[in-house]
Amino acid sequence: MTTCFDGIAALLEGQAIEVPSWAYGNSGTRFKTFGTPGTPRTVEEKLADAAQVHRFTGLAPSVGLHIPWDKVDDYDKLRRYAEDVGVRLGTINSNTFQDDDYRLGALTHTDRRIRQKAIDHHLECIEIMGATGSRDLKVWLAEGSNYPGQADMRGRQDRLAESLRTIYDRLGDDQRLVLEYKLFEPAFYHTDVPDWGTSYVQVAALGERAVVCLDTGHHAPGTNIEFIVAQLIRLGKLGSFDFNSRFYADDDLIVGTADPFQLFRILFECIRGGAYGPDSDVAYMLDQCHNIEKKIPGQIRSVLNVQEMTARALLVDRDALTQAQEDGDILLANEIFMDAFYTDVRPHLAAWREERGLPADPMRAYLASGYQEHIEANRIGGTQAGWN
Ligand code: LRH
Ligand code: MN
């Protein structure tokens, strides 16, 4: 009992999944950052690698940047370079989690000078957005405390609201502030933006161009993430996703590998809520680290996993499901839902790609292209890009 693939083929057109520049550099864990042959040394090389993902999948037309990791002297030149290799510059991610001054906070800090320094960094990011043509300023804050009593949690919320207001008021008319929440890490007692509710409260106070970023790795184990997705869409405050997957904490693994069924359920709520397709302004992004696997193939696998689960979620027979739900037919409703999840769409997607001039099997096509061997042979010397 599923909709047939031909019935959803058009709905897969134009799917866009933004890839993160930092996934092409070395990231690593708290214990080790493994270098890998061919890793980019420059922002341009990161963009060239990201462009390979779009070339072979048609799914990744934009690349998110992280400041200062992707700081350059001339963003207009970078924008042109991106367009030359076939991608565009996407979300600008701020960074207030690698500066000694921010040890005890940044936008929440008790010292107005430290808050102003953090605010100025975000104003610089807004400047950069003007040059890159980016719509979204994504703000993730590592701020919090490690011990009870260490921090005035209420006071920090008030200072956060004031700082965000100052930043929000400097946005251009077609720009958005996207506030990302995370349950814990690097703070281990309280985090100032730990959950969707806190992010929602802060962005709702700012205005309509302030929205929430949901990173799928930022919840307590057992959280029903698709319920949060449904609620944020209902509230008109779901701005973007940072897709990845995890077995334990913020593992930042390839999306859809740890729990493909969860990804299916999340995408179903996006489709059901109208947050998928050309009329939606929800940004779908990856936020991952390829600590041991090759990065470009890892990114190709990631966007294909999202496309595949999107296709399966689009196959849910919505009318039959709604009828079964209204009839209180529990098992039939679940069966209709699972039928779509269990439908192997891969052969259909292969044909769908070929009909659109894309390789039926993007991973095989990339591996056969020689690009990986080329960068591993030619990117000798220099400093491999990473999180510092
Ligand atoms: C924080 C986070 C955030 C990024 C960083 C690279 O864990 O998810 O989105 O800034 O990863
Ligand atoms: Mn994230």
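Asp 173 sits in the loop that runs between helix H4 (153–168) and strand S6, in a model that is predicted. Its relative accessible area is 73%, so Asp 173 is exposed, as the cut-off for that class is over 50%. Asp 173 and Arg 209 are 36 residues apart along the chain, and their C-alpha atoms are separated by 8.5 Å.

**Ligand 1 and its surroundings**

- The residues around ligand 1 are Trp 22, His 66, Lys 138, Trp 140, Glu 180, Lys 182, Asp 215, His 218, Asp 242, Asp 250 and Asp 287.
- Sorted by class, this shell holds seven charged, two polar and two nonpolar residues.
- Asp 287 has a polar side-chain atom 2.7 Å from an oxygen atom of ligand 1.
- For Asp 250, the distance from an N or O atom of the side chain to an oxygen atom of the ligand is 3.1 Å.
- In the case of His 218, a side-chain N or O atom is 3.2 Å from an oxygen atom of ligand 1.
- On its own, ligand 1 has 300 Å² of accessible area, and the protein covers 96% of it.

**Cis peptide bonds**

- Most peptide bonds are trans.
- The bond from Ile 67 to Pro 68 is cis, and its omega is near 20°.
- Pro 68 belongs to the loop between strand S2 (62–66) and helix H2 (75–85).
- Glu 185 and Pro 186 are also joined by a cis peptide bond, with omega about 10°.
- Pro 186 is placed in the loop between strand S6 (176–180) and strand S7 (190–191).

**Positive phi values**

- Most residues other than glycine have a negative phi.
- Glu 185, which is not a glycine, has a positive phi near 75°.
- Asp 252 is not a glycine either, and its phi is positive at about 50°.
- The position of Asp 252 is in the loop between strand S9 (238–243) and helix H7 (260–272).
- Asp 252 has a relative accessibility of 9%, so it counts as buried, the limit for which is under 20%.

- Ser 27 lies in the loop between strand S1 (19–20) and helix H1 (43–57).
- With 8% relative accessibility, Ser 27 is classed as buried.
- Which side chain does the side chain of Ser 27 contact? The partner is the side chain of Asn 291, in a polar contact of 3.0 Å.
- Thr 57 is part of helix H1.
- Its relative accessible area is 1%, and Thr 57 is therefore buried.
- The side chain of Thr 57 reaches a backbone atom, the oxygen of Val 53, at 2.6 Å.

Note on methods: Residues numbered from 1 in each chain as written. Chains lettered and ligands numbered in written order. Predicted model: local features only at pLDDT ≥ 70, side-chain atom pairs only at ≥ 80, totals over all residues. Heavy atoms only, no water. Near = heavy atom within 4 Å. Polar contact = N/O pair within 3.5 Å; in protein donor to acceptor, adjacent residues only side chain to side chain. Areas by Shrake-Rupley, 256 points an atom, 1.4 Å probe, with all protein chains shown as cover. Nonpolar A, V, L, I, M, F, W, Y, C, P; charged D, E, K, R; others polar. Helix = DSSP H or I, 4+ residues; strand = E, 2+ residues; numbered from the N terminus. Buried < 20%, exposed > 50% of the residue type's maximum accessible area, 1.4 Å probe, protein only.
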